Every structure is written in C-alpha cells, then in structure tokens.
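Subject: Structure handover

Hello,

Here is the structure I promised to pass on. Please open it first; my notes follow below.

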Amino acid sequence: MAHWKKISGGLSGISVGSRSNVWGINPAGSVYRFTNDDATPWHNVPGTATDISAAADGTVWAVNASNEIFRYTGDQGPTAHWKKISGGLSGISVGSRSNVWGINPAGSVYRFTNDDATPWHNVPGTATDISAAADGTVWAVNASNEIFRYTGDQGPTAHWKKISGGLSGISVGSRSNVWGINPAGSIYRFTNDDSTPWHNVPGTATDISAAADGTVWAVNASNEIFRYTGDQP
C-alpha cells in the first residue's frame, strides 16, 4: 500500500480528530491514544469501548458493549477518565465539543443537545454508520449501503440528501474531506462533486477516519494500522 504508511500495533477501530489527536480500540475493546511518535505509537487509556470518536478540539467520546455512552475527561484532572452520559448508543461520532452524533442498535439517529441533563435529540432517518465534522457537516450510510449528507440545517426540506454510490462506512473530516469504505473493503474519497462523487484510493480497510486537517488513518481486517501518505510527495 504505497499510499499508506504502516504504523505498528493492532487496532480494529480508529478515529482521527487531527494529526496529533488519534485514538483507537483493539478487538478486546482496550483504548489507545497515539503518542505522536511512530516509533512507540500507542499509549493505553483506562476503559473499554466498542466505538470511539476524537475531534480536532480534543473532545473524545466512546460507547461500550452495553451501549453506555462516555465523554473523556482524563485531560481535565485526576478524577475518573470518563464521564457517563445518559442514553444508549452503539455508534458515536464527534466533530467538536458541540457537534456530537450517534446511532442506537435500531439505527435511530441522535444529536447531542449540549446539555448533559437531557442529552439527546432524535433526528429523522436511520443509519448504520454516521460521521460528524467540526464544520457541522454530517454524513451517514444505512443498512442498504446508501449514502446520505445531512441537510436538515439548511431549510424545511428533507433532512438528508442521497448521494450516489454504495458504502458501508463513512468518515467526514470536513465538508471537503469525506472518505468511505464499501463492504468489500475498497476505499473511496469524495470528489466534492455530487454528480461523480467517488474516487477510488488504493488499499483496503475495515475502518477509516478523516480529520479536518486532512489527516486520514485506516485499519484493515488483520488489525494493521495505516496513515495515509498519498497526498505527500
């Protein structure tokens, strides 16, 4: 994979908020944070998760096998590393502290209200994967591998615009940095043109994550970890 640099370690899930804020989980659910040193890349963080998401502003959320929801607080003092947030989600995506989205096991879509006391607002639609960016962009895919971009903040029309193609996983770093994978593991990048939306990128992945600053990481079926270098001379 010439377009990708292999990073040592073994992860089944990856999330990239920025070049320096990269988190992952291994098949056992252990949580790791990138040290910003490729030679010794991973630092174990207390806790377990089945999905994790990191934002450019440092915000990190996770959900576990019981669909419990947690926000990382380990950078805020010597107390517990995670604050439990009420609700039940199986997937989580964090674009920023104030732009947090999730899905429950039934595929219902929820947006964080920015109030821990009443945290979740249901958004029309269903999804199997969802991704939120710092600039407010949100994309999702459903069980039929259909692709949608959120438009509910743009007027009284439908909440989602269908984009052609078929993806099983989606990651949005910004409006112009959108990546996805299909059920076969092929990798695609959004062309920024809805009429011909997808450009195939060499390599295969089971999870991929794109950041606002252009950073992209991926993991494959063997839990190998890669950072995208195809945009570098």
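How many bridges join E1 to strand E24? Four bridges join E1 to E24 (residues 225-228), and the two strands run antiparallel. Within this pair, Lys6 stands opposite Phe226 in E24.

Some ground rules. This is a predicted model, in which local features need pLDDT of at least 70 and side-chain atom pairs count only at pLDDT 80 or more, while totals for chains, interfaces and linings use all residues. Residues are numbered from 1 along each chain as its sequence is written, and side-chain values use heavy atoms, with hydrogens and water left out. Strands (E, at least two residues) and helices (H or I, at least four) are DSSP runs, numbered from the N terminus. Two strands pair if DSSP finds at least two bridges between them.

The sheets

E1 and E24 belong to an open sheet of four strands, in the order E1-E24-E23-E22, with antiparallel pairing. Its edge strands are E1 (4-7) and E22 (207-210), each of which pairs on one side only. From one strand to the next, the twist averages 25 degrees. (Axes here are lines fitted to C-alpha atoms, for helices over the stretch in contact, and angles run from 0 to 180 degrees between N-to-C directions.)

Another open sheet has four strands in the order E2-E3-E4-E5, and its pairing is antiparallel. E2 (13-18) and E5 stand at the edges with a single partner strand each, so one side of each has no neighbour in the sheet. Neighbouring strands of this sheet are turned by 25 degrees against each other on average, direction ignored. Inside it, three bridges join E3 (residues 21-25) to E4. Ile25 stands opposite Val31 in E4.

E14 (residues 129-132) and E15 (residues 138-141) run antiparallel and are joined by four bridges. Ala132 faces Val138 in E15. Five residues lie between the two strands of this hairpin, and Gly136 in the turn has a positive phi of about 95 degrees.

E7 (residues 60-63) pairs with E8 in the antiparallel sense over three bridges. Their hairpin also has five residues between the strands, and Asn67 takes a positive phi near 65 degrees. On its other listed pairing, E8 is joined to E9 (residues 82-85) by four antiparallel bridges. Arg71 takes part in both: Trp61 is a bridge partner of Arg71 in E8, and Lys83 in E9 is a bridge partner of Arg71.

Which residues of E8 are buried on each side? Ile69 and Arg71 are buried on one side, and Phe70 and Tyr72 on the other. (Buried means under 20% relative accessible area, exposed over 50%, and partly exposed in between, with a 1.4 Å probe and protein chains only.)

Single residues

Asn36 is not a glycine, yet has a positive phi of about 70 degrees. It sits in the loop between E4 (30-34) and E5 (42-48). Asn36 is partly exposed, with a relative accessible area of 45%.

Asn114 has a positive phi of about 70 degrees too, although it is not a glycine. Its loop runs between E12 (108-112) and E13 (120-126). At 44% relative accessibility, Asn114 is partly exposed.

Is Pro197 buried or exposed? Pro197 is buried, at 5% relative accessibility. It lies in the loop between E20 (186-190) and E21 (198-204). Leaving out residues up to four places away in sequence, Pro197 touches Ile163, Ser164, Arg189, Phe190 and Thr191. (Contact means heavy atoms within 4.5 Å.)

The largest pocket

The largest pocket holds about 620 Å³ of space. It has 50 lining residues, and Ile14, Asp51, Asp129, Asp207 and Ile208 lie nearest its centre. Elements giving two or more residues to the lining are E2, E6 (51-54), E10 (91-96), E14, E18 (169-174) and E22.

How was it defined? On a 1 Å grid over the protein atoms alone, a pocket is an open set of points where a 1.4 Å probe fits, with protein on both sides within 12 Å along at least five of seven lines; lining residues have an atom within 4 Å of a point. The volume is the space filled by probe spheres set on the points, which are joined across faces, edges and corners.

Best wishes
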